[in-house]
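Here's a quick tour of a multi-chain model, written for someone who likes the cut-offs spelled out. Have a look at the structure first, then read on.

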Amino acid sequence: MRLATLLILVVLTFGCTQPSSQRQLTLAVVSGVEGEALKQAAIDYETQTGVHINIAQFPYQNLFEKELIDLNARTGAYDLIMLDDPWFPLFAGSQFLTDLTPLLQKRGQSGPDADFVATSVAVCRQPYETGALHALPYVGNSQLFFYRQDLFAKHNLKEPATWNDVLSAAKTIQETETAEGGGKMYGYVMRAAQGNAAVADFMPIFWAFGAEMFDQNGKPVVNSPEGIEALQFMLELGKYSPPGYASFNADEVSAHLLQGTAAMSINWPAWISAFSDPSKSKVLGKIQFATLPGARKAGQAEIGNWLIAIPRHSQNVEAAMDFLLWATSAEQMKRSALRGNPPTRRSLFGDPELVAKFPAYPVQLRSLESSRPRPRTPKWNEIENAFGIFLSKANSGELSPADAMNQANAEIEKILQRAQ
Amino acid sequence: MKRTRIFRTGWLVLALVAALAPVYWMLTISLKTEVDQFAIPPKWFSFTPTLQHYTDAFVTRSFGQYLLTSAIVAVVSTFFALLIGTLAAYALTRFRLPWNLDHKLSLWILSTRMFPAIVTAVPLFLMMRDLRLLNTKLALIIVYTAFNLPFVVWMMRGFFAEVPRDLEEAALVDGDSRLGALVRVVLPLVSPGLAATAVFCLIVSWNEFLFALVLTQTDAAMTLPVGIAGRVTQYEIKWGVMSAAGVVAMMPILVFALAMQRYLVRGLSLGAVKG
Amino acid sequence: MPRSRRFSSALNRRELLLPYLLVAPALVVLLALSIYPLLYSITISLQQETPAGVVWTLGHFKRLASDNFFRTAMVHTFVFAAAALTCEFLLGLGLALLLNQQIRGRGLFRASLLVPMMLPTVVVGVVWRLMLNPNFGAINGTLKQVGINTESLTWTASPRLAFLAVIAVDVWQWTPFVFLVLLAGLQAIPQEPYEAALIDGSSRWQTFRHVTLPLLKPAILIVLLLRTMDLLRVFDQIFILTEGGPGFATEMISLYIYRAAFRFFDFGYAAAMSFVLLAVTNVVSVVYIRLLQAKA
């Protein structure tokens with residue numbers, strides 16, 4: 001080690017020192033609508049307060065890795081991080097994030113603003129719902145069911161209440177319709193790329209069929225008969241999804257919807273604004289949004305909120321907290337909502353100006369308030385990775401649904417055992 | 001005879017097209033508007049070129065900064081690798097050490113180059129973390145210097161061995177010191193080799209990805225390959241920006257590579273095959 | 001070498017130290033940044049964090065034995081390396097033999113072939129993502145134009161095609177290297193053995209088999225050694241092109257180690273796996289070097 005230090009001293013003469021961090025904050029955000037709005041807000045904040053904000057913007061997967069590396073290395077390179085709620089148990093459980101309550105108290109507040117939707121604040125606490133507050137919710141995503149109103153009306157189809165309705169509608173539409181310009185029209189589009197994508201799209205089906213990931217004792221039970229049945233259903237639906245969906249991510253799904261080559265999908269509300277943008281959408285005014293279909297159980301959406309947290313090793317905790325409160329205030333969140341992000345405040349879901357622009361808000365609020373989080377375990381990223389691989393394998397035809405679920409269950413069991 | 005010639009030319013043209021078409025395609029994507037990018041059938045030749053993706057990447061986004069970081073890291077690390085490596089190579093060719101140590105050391109130095117990068121990436125990340133050097137150019141400079149060192153030693157050993165000893169002896173007799181003879185007599189003779197080695201180190205550092213991926217998380221410290229990779233995975237893929245950055249990343253390399261074609265085979269085979 | 005001994009004897013005492021002084025900086029750098037990390041890696045691979053603190057254990061190595069993902073990634077890496085190596089060697093040798101004659105435009109040809117192999121690997125990944133995109137990629141677009149149904153050609157989305165694609169990309173990038181080294185080897189072969197073969201009346205195949213191949217063997221072994229080493233540690237292009245997917249279809253050992261370390265933060269396990277990789281590459285390189293020395 002000393003040898004390395006010696007070498008470093010030699011090279012240091014080249015002057016590669018870092019700039020000092022006075023009155024500046026570094027913010028890690030995700031690419032896409034969700035991060036773009038926060039980025040814009042940061043620019044406004046800079047002009048208002050003079051605090052310089054550096055933005056590090058990464059795609060979903062990279063953002064997770066970069067943040068985890070930074071948090072684990074305790075470099076304090078980021079003062080604020082934007083994180084997806086399933087990452088939260090790992091980040092907060094590893095003591096990587098600043099406890100916000102003392103900072104709130106210092107500012108005369110006893111806790112997070114009561115205006116925040118309860119399910120959104122619940123995912124900011126470790127343990128879930130009851131524990132200490134380590135983040136504030138910024139984007140109130142929860143899954144919605146997207147479908148082509150015009151095609152449904154044309155074929156006399158009702159808004160799907162169950163997954164079987166979805167399947168038969170997909171069949172009808174795929175067999176009779178062609179896409180604009182004569183291309184092939186698909187009944188449904190899903191994403192089943194390994195990892196986050198496959199799991200996110202599968203969970204609502206999985207839950208609706210009555211399956212659960214863990215039993216009361218925390219043992220994995222994804223290979224229950226209900227679980228296998230749900231996967232079988234996913235493959236059935238896959239027949240009406242564009243070829244190659246086993247490697248699709250969110251961008252392919254939205255491309256198919258926007259190009260008018262697929263009729264239904266599960267998606268995040270942050271994408272809604274794209275459907276009314278004439279430069280991107282060929283389906284202006286044709287997409288309708290609904291809560292998720294059910295099956296054996298009522299449909300339940302997965303919550304997918306984007307949170308903002310302050311790493312524990314940030315050198316600028318106070319300044320970061322000021323920005324955090326500013327960005328999640330009703331006034332700023334409204335601006336973010338106008339840029340296309342669903343809010344996390346109840347008041348904004350009822351804001352007349354916003355509702356006029358986003359008529360789906362009442363549906364979204366219902367979906368968000370009844371949404372459920374993905375299993376809250378610090379091992380979620382490993383579990384999601386393993387589960388996603390097997391889901392993807394089943395969808396690409398490599399494994400039968402039963403084999404995929406059995407192997408996934410064994411793998412999840414191993415991951416949990418190692419954690420003990 | 002004529003038939004075999006046509007047959008041969010046919011194969012060569014095929015190989016040429018296969019080698020260049022994908023790169024050309026990236027170039028066209030970087031110059032096309034989004035509508036042309038997604039056109040079916042693909043537009044190989046006829047499209048209206050635009051530079052919007054280049055300005056988007058290098059003016060609006062941070063690719064200009066990544067480019068600068070890449071250049072600084074590549075140049076500084078090449079300088080140190082050459083300095084340290086050339087001295088070692090000179091010693092290992094001109095002196096015979098006891099117990100055949102000169103030979104053994106050379107082989108050992110070469111063997112460190114054979115480690116798969118991922119094997120050292122994990123501990124190097126932890127070391128740099130403890131030294132608080134993550135997210136600095138310095139960390140990359142140090143790592144690339146070490147990474148290129150074995151290569152410099154082996155290349156320069158070959159070039160030194162080709163210089164007749166008589167010339168140095170003459171200089172020594174004239175009262176020059178050992179280092180004086182090295183600087184004034186030997187180095188000028190191996191300067192083409194030194195230049196080729198330098199270009200190789202520059203290319204390797206410029207192209208390196210894994211260490212840079214692991215050691216840098218902020219815009220200020222990221223190199224061009226990491227910047228490109230950061231834009232490529234899923235979600236919202238900006239094909240034009242990505243291609244523009246790719247084109248810019250490959251340009252200096254191609255210029256360099258063409259400039260030192262003569263030493264290419266030798267460099268790529270770590271000095272084992274003289275092209 | 002009497003000459004060199006005379007040369008050394010001319011040195012005075014201070015000069016005796018000189019070689020050590022000249023080599024020292026290089027050794028220091030390599031010890032600090034290659035050997036020390038390796039030792040560091042050994043210690044973390046033998047440690048595990050438990051609630052009671054850090055303990056020394058063989059746990060990570062035991063886990064290797066029952067890790068199906070690890071085994072699959074290993075198998076993928078070897079299949080990938082063997083397939084790519086075979087294609088690159090055969091194509092490279094063929095091209096070298098074709099070009100080992102006076103041909104017009106040879107300089108241009110050589111220069112063009114440099115392009116793929118000098119490209120940053122990340123850019124290679126980008127290039128091929130553009131080419132292979134099922135919807136608007138150049139490959140499917142062109143196939144469609146000549147009337148081929150491309151619906152099932154989803155490339156990186158189907159396990160089998162994705163594996164073929166990552167092999168093809170490596171072959172595309174590195175065949176030129178094999179070609180260049182073998183061409184250099186061919187050109188270093190003197191004319192005499194060929195003239196002798198001509199007089200013996202050997203057929204072209206016999207000449208190739210008994211004259212060219214034996215004389216080219218050192219160059220062949222070197223190029224195979226270097227390629228094998230690179231193939232076994234492949235990371236960059238696949239990281240960009242498929243990220244190991246779909247499913248686990250193109251997951252290679254380096255990617256799996258990366259994931260264990262930087263997604264799951266299990267440095268100990270990653271270190272344990274990297275020792276297996278190191279051992280494997282070591283064995284392979286020793287075999288090649290033995291073969292190389294056998295000819296001498």
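In chain C, 71% of the contacts with a separation of 6 or more are between residues 24 or more positions apart; a contact here means C-beta atoms, placed from the backbone, within 7 Å. Before going further: this is a predicted model, where local features need pLDDT of at least 70, side-chain atom pairs count only at pLDDT 80 or more, and totals for chains, interfaces and linings use all residues. Residues are numbered from 1 along each chain as its sequence is written, while chains are lettered from A and ligands numbered from 1 in the order in which they are written.

Chain C has 13 helices and two strands, both taken as DSSP runs numbered from the N terminus (helices are H or I with at least four residues, strands are E with at least two). Its radius of gyration is 25 Å, well over the 19 Å that the globule rule gives for 296 residues, so chain C is more spread out than a compact globule. That radius is taken over C-alpha atoms, and the rule is 2.2 Å times the number of residues to the power 0.38.

Chain B has 13 helices and zero strands. Among its contacts between residues at least 6 apart in sequence, 74% join residues at least 24 apart.

Here is how much of each chain is buried (20 or more other C-beta atoms within 10 Å of a residue's own; 12 or fewer is exposed, in between is partly exposed):

| Chain | Residues | Buried residues |
|---|---|---|
| chain B | 275 residues | 53% |
| chain C | 296 residues | 44% |

As for extents along the principal axes, the C-alpha trace of chain B spans about 75 × 65 × 30 Å, and the C-alpha atoms of chain C fill a box of roughly 80 × 80 × 30 Å.

Lys274(B) counts as partly exposed because it has 13 C-beta neighbours inside 10 Å. From Lys274(B) to Leu172(B) is 102 residues in sequence and 30 Å in space, C-alpha to C-alpha.

Over in chain A, three strands make an open antiparallel sheet in the order 8-7-9, with pairing called when DSSP finds at least two bridges. Strand 8 (264–267) and strand 9 (287–290) are at the edges with a single partner strand each, so one side of each has no neighbour in the sheet. Four bridges join strand 7 (residues 144–148) of chain A to strand 9, and Phe146(A) stands opposite Phe289(A) in strand 9.

Conventions. Contact = placed C-beta atoms within 7 Å.
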